[in-house]
Amino acid sequence: MEIVTLLVAAQLAQATVDPAARCRQLVAFYDRYGVGRSLNSDGRRNHTRILADLYCQEGNTEKGIAMMEKLLRDKAFTVPPPAQPETVPPLESPEYGV
């Protein structure tokens, strides 16, 4: 029962978030945490990330969001939940340990 409640809450939260803002959130999350110091790190140069960002900018946010969520899962990240812009602290804030 709790799982169903959490799923419904997540769907309601996703429905209230602007798709363009969600797309930007996922791209920014990957840009922040998807970069590594190893030689294998592609970070912002990742072609899937670049294409998803282009889709977001062109207004095809559903496709951009789907691509970014898949990319994050493929890179072993937990996809961040959608958040309202006023609840997301800036990347340099103490909540992220920076």
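Is Asp31 buried or exposed, and what is its relative accessible area?

A: Asp31 is buried, with a relative accessible area of 18%. Here buried means under 20% relative accessible area, exposed over 50%, and partly exposed in between, using a 1.4 Å probe and protein chains only. The model is predicted, so local features need pLDDT of at least 70 and side-chain atom pairs pLDDT 80 or more, while totals for chains, interfaces and linings use all residues. Numbering starts from 1 along each chain as its sequence is written, and side-chain values use heavy atoms, without hydrogens or water.

H2 covers residues 19-33, 15 residues in total. Helices are DSSP runs (H or I, at least four residues), as strands are (E, at least two), numbered from the N terminus. From first C-alpha to last, H2 reaches 21 Å, close to the 21 Å expected at 1.5 Å a residue. That expected span is 1.5 Å times one less than the number of residues.

Now the partner. The Asp31 side chain meets that of Arg49 in a salt bridge, 2.6 Å from N to O. Asp31 sits in H2 and Arg49 in H3, so the pair ties together parts 18 residues apart in sequence. A salt bridge here is a side-chain nitrogen of Lys or Arg within 4 Å of a carboxyl oxygen of Asp or Glu. Arg49 also counts as buried, at 6% relative accessibility.

Cys23 and Cys56 form a disulfide, with an S to S distance of 1.4 Å. Cys23 belongs to H2 and Cys56 to H3, so this pair ties together parts 33 residues apart in sequence. The criterion is a pair of cysteine sulfur atoms within 2.5 Å. The structure holds one disulfide. Cys23 is buried at 0% relative accessible area. Cys56 is buried too, at 12%.

H3 also has a surface side. Leu54 lies in this helix, residues 47-58. Leu54 is partly exposed, at 41% relative accessible area. With Ile50 and Leu51, Leu54 forms a nonpolar patch of about 220 Å² accessible area together. Patches take residues with over 30% relative accessible area and no salt bridge; like charges are joined within 9 Å, and nonpolar side chains (Val, Leu, Ile, Met, Phe, Trp, Tyr) within 5 Å. The areas come from the Shrake-Rupley method with a 1.4 Å probe, and for residues only the protein chains shown count as cover.

Back to the salt bridges. The whole structure has five. In H4 (residues 61-74), Glu69 and Arg73 lie four residues apart, about one turn of the helix. Their closest N and O atoms are 3.9 Å apart in a salt bridge. Glu69 counts as buried, at 15% relative accessibility. Lys70 pairs with Asp74 in another salt bridge, at 2.7 Å between the closest N and O atoms. Lys70 is partly exposed at 49%. Asp74 is exposed at 54%. Salt bridges that share partners also join Arg22, Glu69 and Arg73 into one network.
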